[in-house]
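Subject: Structure handover

Hello,

Here is the structure I promised to pass on. Please open it first, then read my notes below.

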Amino acid sequence: MASQSYDAIIVGSGAGGGMSAYHLAKSGLKVLMLEAGRNYDPRVETPMFNINADAPLRGVGTPDKPFGFYDATVDGGWQVPNEPYTVAEGSEPFTWWRPRMLGGRTNHWGRIALRFGPLDFKPRSRDGLGYDWPITYDELAPWYDRTEKLIGVSGAYPPQNLLNTPDSPPGCLMEAAPPRAFEIFYGRAFKAMGIPVIPMHGAVVSGKMEGRNTCLFATPCGRGCAIGANFQSTTVLLPPAMATGNLTIRTNALVYQVDLDKAGKATGVSFVDRKTGEHHSVTAKSVVLAAGSGETARILLNSKSSKFPDGLCNTHGMVGRYLMDSVGLGVSGQFPALEGLPPTNDDGQGTQHTYIPWWGYEKQKELGFPRGYHIEIGGGRHMPSMGMAGLLRDDEASVGDDLRAKLRNKFGSTIGFDGRGEMIPNDDCYCELDPKVKDKWGIPVLRFHWKWGESETNQAAHMVKTFLAVIDRLGGKPLGHVETDGKKAISKGGEMIHEIGTARMGHNDTDSVVNQFGQSWAVPNLFVMDGAVMVSSPDKNPTLSILALAWRSADNLVTLARQGAL
Amino acid sequence: MSQPLKTQPPPAPEPEPEAYVAKIDRRTALAWVGVVGAATAVGAGVVVYGPKMGGQRVTHGYGTDPKLTKPEKAPWSRIMIPAQLQTAAILADFILPASGSAPSASSLGVPDFIDEWVSAPYPDQLKDRPVILNGLNALSGKVLKVAAAERAAALTALPAAADAATRAFWKKFRHLTIGAYYTTEAGFKDIGYIGNVPRTSDPGPSAEVKAALEAAFKKLGL
């Protein structure tokens, strides 16, 4: 490794790191990728078609595997062994999902691949709240097109021309999988309420795609995909990048510092090998941070020097600020009308086949909250899990044939409605270095501060109201206790695993950490190419935008490299 | 073929349940011997969940990076003693006895699963452990080595039990039994889950399903 001369070191291998590596390596740059987790190969490690009976505890989530035994996440979850984080006293709860594996969170993500819309890039211009991005939708749109064509996204439909819900140009998306029974069912109610229902954009190869396998319409995407039919960095971006011969990957390399020379340029990074505990420094002409918004901020804050005593690029105290997550909550209902339907294979393509984009852009004032949410809806006759008894009424006590008949009748008759909404950045949500706590290797850890605003809690209350109205319209009953107070019903900070911000892009070094290409204002050969650069947190899940932004930024880096500007 | 009977069996209203044969490996069986030994040492009726004699009980979980494609057996030692396991088998089969081509809960190893669950070192399962074990202990005297009618009465009385502990036990045990049963291939067949098979396309719901939905929409005024 030391004998090689690298054009770029990329820290992280998820959506941002994977895409950066793909484009830089394809463009002929010599790249060293450092990943904190272990090597991971979905082709041989994915439990395709395994059933819950074959897993310990029938596959239920445990502290070792919080999203269930078969979830792709390796060595992580809400806690990572030896790598703590803290939440400040007086803060609202914050929780941080991290894996330690090649490909990061792209291995288990929900594959929901929605574009941000034109309004999402200029929220302050729209209603005076939050901040505008230094770019417009139109500037990012070509990169969305390229990204969709590269990673494989399903959900093509005739143009809907819905406000702030971009249609992809022809040729970008594959056909949408047909709505399943429960999707036809809820769709009718939303339409009756004047709310549009459209195909989901899912990062799943639902049709024929050159060089890719088509989805098997079975076995959950959250386990990963052994045949690479959905988007994972490890199946779609890293193999072609490796095939160029320009990419070297080192795993178990936990980067904690960007190294600078006397002139203030980045010379490389320092990392600790998680297995041996040895510290190493590597050099390159440029450094790309794509470790995830939290870890990227941590690396910058831990990179202290006489020029940057409060952390690299932090002269104006912007690093770690404007931390955002999605607003989230869910309500489930049980529907007599879905009882007793003939057995149908509802496994589908992994993501939802349809969804509800935000419909209230022009009614925000009367609604009492400034930003919207979309609805992700799950249901159908999914592979049975330990929660099967949840189909039955709480006071129900049947046994034998009576019990069998009841379960058979109710199987597939529940639907879960989940809202994912926009959060407006606020001064109470940020991360910084904990003054005392360090990880196993003595590196200071992050301390999070969190407080939802009324914009978010009012939005959460509206989600619950909407879900209860739809459940009622469909003749169903909500399952379990439903909290209608938005302050109590709203998710914890970080819980939607959409934490972004912390090194946002902007117009100059006083309002931001990086420019519109992720290039840091303070160190010209240091770049950020993950969700940390995001300025607002639209309701649309961030992964597709992280990919498109990373590609655009990596392309700019290539230009700079060719100009000899690094 | 048939063996001559030494004595005529007494007439019984229902047959005695067959002893549950655990679907376990030898290591677990040896652990049981240890635990029963300890229990005997402190006296009848006292159940000891401590380390088995002559060996150390494994109490760790499967860790944050278990093998997923061919999962290994959960590493923690099983703590249920034979009386609890036999009681669990009787209760699981009361909830889901064999019916037609559907097998009984015990034949699918549900009692072993209950043992795996209550023996697990994770918070949710540790919370369930006393609920299940105390419930089984309370029930065992009423269903093991008793007349069939007495056993049937004890089982039938469970759902309507007056005390909160018994009700909590019934609810949790039934929940676990249903979950354990329907997560198996036999359970899939019984409930009508026909997925988890590779397909070349997703054709969507059948005309029959769509017609049923339209009928439902009519009733709902949609």
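N314(A) is buried, because 22 other C-beta atoms lie within 10 Å and 20 or more are enough for that label. This comes from a predicted model, so please read everything below as computed from that prediction.

Where does N314(A) sit? It is found in the loop between α8 and β12 of chain A. Helix α8 covers residues 293-302. Leaving aside residues up to four places away in sequence, N314(A) touches L300(A), L301(A), F308(A) and V319(A). E92(A) is 222 residues from N314(A) along the chain. Their C-alpha atoms are separated by 25 Å.

Next, the strands that follow this loop. Strand β12 of chain A spans residues 327-334. It pairs with β15(A) in the antiparallel sense, over 8 bridges. One pair to look at is G333(A) with its bridge partner I415(A) in β15(A).

β15(A) also pairs with β14 of chain A, residues 373-379. That pairing is antiparallel too, and it runs over 7 bridges. Here I377(A) stands opposite F417(A) of β15(A). In general, strands of a sheet pair through backbone hydrogen bonds, either parallel or antiparallel.

The partner of β7(A) is β2 of chain A, residues 31-34. They pair in the parallel sense over 4 bridges. L34(A) has R250(A) in β7(A) as its bridge partner.

Last, the contact between the chains. Chain A gives 63 residues to it, and chain B gives 55 residues. On the side of chain A that touches chain B, α6 (181-192) and α10 (400-410) of chain A each supply at least two residues. What kinds of residue make up that side of chain A? They divide into 38 nonpolar, 12 polar and 13 charged.

Best wishes

Key
Residues numbered from 1 in each chain as written. Chains lettered and ligands numbered in written order. Predicted model: local features only at pLDDT ≥ 70, side-chain atom pairs only at ≥ 80, totals over all residues. Pairing = 2+ DSSP bridges. Contact = placed C-beta atoms within 7 Å. Nonpolar A, V, L, I, M, F, W, Y, C, P; charged D, E, K, R; others polar. Buried ≥ 20, exposed ≤ 12 C-beta atoms within 10 Å, placed from the backbone.
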